Structures are given as C-alpha cells and as structure tokens.
Amino acid sequence: MPLSPHLPPLSALELLVDVARTSSIGAAARLHGISQQAASERLRSIESQVGLALVVRGPRGSSLTPAGRVMVEWAVRLLDVAGEIDAALDTLRAGRDRALHVAASMTVAEHLLPRWLVLLRQRQLTAGQEPTAVSLEATNSRTVLEEVLDGRADIGFVEGSTAPGVRSLEIGTDDLVVVTAPGHPWTRRRRPVTAAELAATALTSREEGSGTRGVLEDALAAAGLEPAAPAVELTTSTAVREAVRAGSPPAVLSRLTVGADVAAGALAVVPVPDLDLRRTLRAVWTGSARPPAGAVRDLLAVATAAE
C-alpha cells in the first residue's frame, strides 16, 4: 500500500525532533546547516503537509503543540529504524566494493587487466584498505556492453564504440595491424597492400560482436569498402594469432596481441597505408555517478594512470 502524501520526508522529521530537543528553531537550524528562516519555512511546510499545527513560536523559544509532541515520539522511532537501515546499506556497499565484477574485451582482458589488477591491489594495501576481490569475464565487446547494461558487470572495458545507456571514459588507444605468417606473398611485395585488397581478402577473423572485427569493418566502411566473408571465424585473439602462425589467411589483430610474435619472427606485419586502424579503449558503466564510486573508481584511476 503506498504511503500517504501527508508523511513528511525523513530530513523534515529530523528537523522537527531537533526543535523539540533544543526548544529553539535557530539552534535546530544550526545543527542542520541551514538558516533560521529556512528552518521556519521547512516547519511551516511540514505543518501544511500533515494538516496540523506542530510548533508554537514565541519570543523565548519554540515549543511543541500536543500534536507536535505525539508526532515527535513517532518520528524518533521511525528515525531509529531509518538509521539502522542506513547503517545496513553502508555494510552492503562495503561488501559490493570488496567484490568487483568486471567484463572486458579479449584484448584488454589478456594484455592490460592483469597489470591493472595488481596495481589496484597495491593501491588499496597502501591506503590500508581490504583488497577488492575481482571476478573477470573475458568476452567480446558486444557481450561486455550487454553485461554492463543488465547489471551482471559493475564495469566493462571495450574497444571502439559504446552503446546507448552506458557512461564511458576513454582510457587509451590501440593500433590494429594486418599480420601474416612469414613467407606469405604479401610480405614479399614491393608495393603496399591497399585497403581495397584487404577488403577483398577472406581473412582469419574474430567472431561477430568482437571489438577488433567491428573496428576493421568501420574503417573499411569509412573508405567505402565492404569486407569479404571471413575464411575462418574464431572466438579469441589468441586462437586467431595461432591460426595465422600455422598458415591460416592473414588477420587483423591488436599490436598488443602480436607484439611478441612479430619480435620473434613468428608473424609479419603488413602495412596498409590507406587504412586507419587505430581504435579507442573505453571503460563503460551504468548509473548516475560520473565518475563512479568505490572499487570501480579505484580501478578506473589505475587504468587511466597505467595507460
């Protein structure tokens, strides 16, 4: 059953109780950090809302009417219960901050988040805080956004664009590169591979919903091109990288993912000068807080400082 519109808010009841305790509107106003005039106006508003005279104002102070005394007795009980609920909510928030659920795109999860989580723990221990327990799901960017929107993840990290309904913060950038196995014909060419040639090639690709694949498709679309259907679709960047190393068709992957293999000569980077494959890495979350609070805020601070 909905509450009556005659019930004042808790803050108004607190003011009335303090008037009863101090016998002074001015003293109660100081306790609440407002002017005496504002306190008087709030008390008149309470009286109008409940339909009763509650306070008698006089030159030597203020006292309560009989109805006001009864209301204060009820209000004290209600405020005691509200205080217990408020303390319980603090406990729940503290528990939430100690259990952080993170969803991240594969590139971020594999190459950036491990270091961020170590730094988060160090930051919290230095501040004398209990370290946050973190659960991480590595998936594609589309699923990350879904999990953040439906509340399964407290914070997400995605590549490229975001979605309506989420707040976001740019935490860095990343380059995608075209890679092949050593000895592929593209590695022996004297002229660069063009965006049109890349679009016409059946690549080894991530699955639909992947941020890496989305950035490539967006870049080709900006050049007026449509990509050919993939030769192979795989669900992780690691699987794509290993497939190309074994002789699968070329792929477009994060430089973070292939850096060690390129340095070791296990993969070769093929420049495509007329295609912009830079992308933005973003943190995403929901709610009104910007920036968010608690462990989410701490992880964001670590991620932006580390990048």
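Trainee: At what angle do helix α6 (residues 113-126) and helix α12 (residues 294-306) pack?

Mentor: In this predicted model, α6 and α12 pack at an angle of about 120 degrees, and their axes are 9 Å apart.

Trainee: What makes α6 oblique to α12?

Mentor: The angle is about 120 degrees. Angles of 65 to 115 degrees count as roughly perpendicular and those over 145 as roughly antiparallel, with the rest called oblique. The pair is therefore classed as oblique.

Trainee: Which residues make the contact, and what is the hand of the crossing?

Mentor: The crossing of α6 and α12 is right-handed. From α6, the contact is made by R115, W116, L117, L119, L120, R123 and Q124, and from α12 by D298, L299, A301, V302, A303 and A306. By class, nine of these residues are nonpolar, one is polar and three are charged.

Trainee: Why are α1 and α3 called roughly perpendicular?

Mentor: Helix α1 (residues 10-22) packs on helix α3 (residues 36-50) at about 110 degrees, with the axes 10 Å apart. The class called roughly perpendicular runs from 65 to 115 degrees. The angle of this pair falls in that class, and α1 and α3 are therefore roughly perpendicular to each other.

Trainee: Which residues of α1 and α3 meet?

Mentor: A12, L15, L16 and V19 of α1 meet A39, R42, L43 and I46 of α3. This contact has seven nonpolar residues, no polar ones and one charged. In passing α3, α1 makes a left-handed crossing.

Trainee: How do you know that α10 and α11 are roughly parallel?

Mentor: The axes of helix α10 (residues 237-245) and helix α11 (residues 255-264) cross at roughly 30 degrees and come within 10 Å. Angles under 35 degrees count as roughly parallel, and this pair is therefore given that description.

Trainee: What makes up the contact of α10 with α11?

Mentor: S237, R241 and R245 of α10 make the contact with T257, V258 and D261 of α11. One of the residues is nonpolar, two are polar and three are charged. The crossing in which α10 passes α11 is right-handed.

Trainee: What is the volume of the largest pocket, and which residues are closest to its centre?

Mentor: The volume of the largest pocket is about 390 Å³. It is lined by 22 residues, of which S161, G211, G214, V215 and D218 are the closest to the centre.

Trainee: Which element gives the most to the lining of the largest pocket?

Mentor: Helix α9 gives the most, with seven residues. At least two lining residues are supplied by each of α7 (141-149), α9 (211-222) and β11 (278-285).

Methods
Residues numbered from 1 in each chain as written. Predicted model: local features only at pLDDT ≥ 70, side-chain atom pairs only at ≥ 80, totals over all residues. Heavy atoms only, no water. 1 Å grid on protein atoms, 1.4 Å probe; cavity = no way out; pocket = protein on both sides within 12 Å on 5 of 7 lines; lining within 4 Å. Points joined across faces, edges and corners; volume = space filled by probe spheres on them. Helix = DSSP H or I, 4+ residues; strand = E, 2+ residues; numbered from the N terminus. Axes fitted to C-alpha atoms, helices over the stretch in contact; angles between N-to-C directions. Left-handed = near helix turned anticlockwise from the far one by under 90°. Contact = heavy atoms within 4.5 Å. Nonpolar A, V, L, I, M, F, W, Y, C, P; charged D, E, K, R; others polar.
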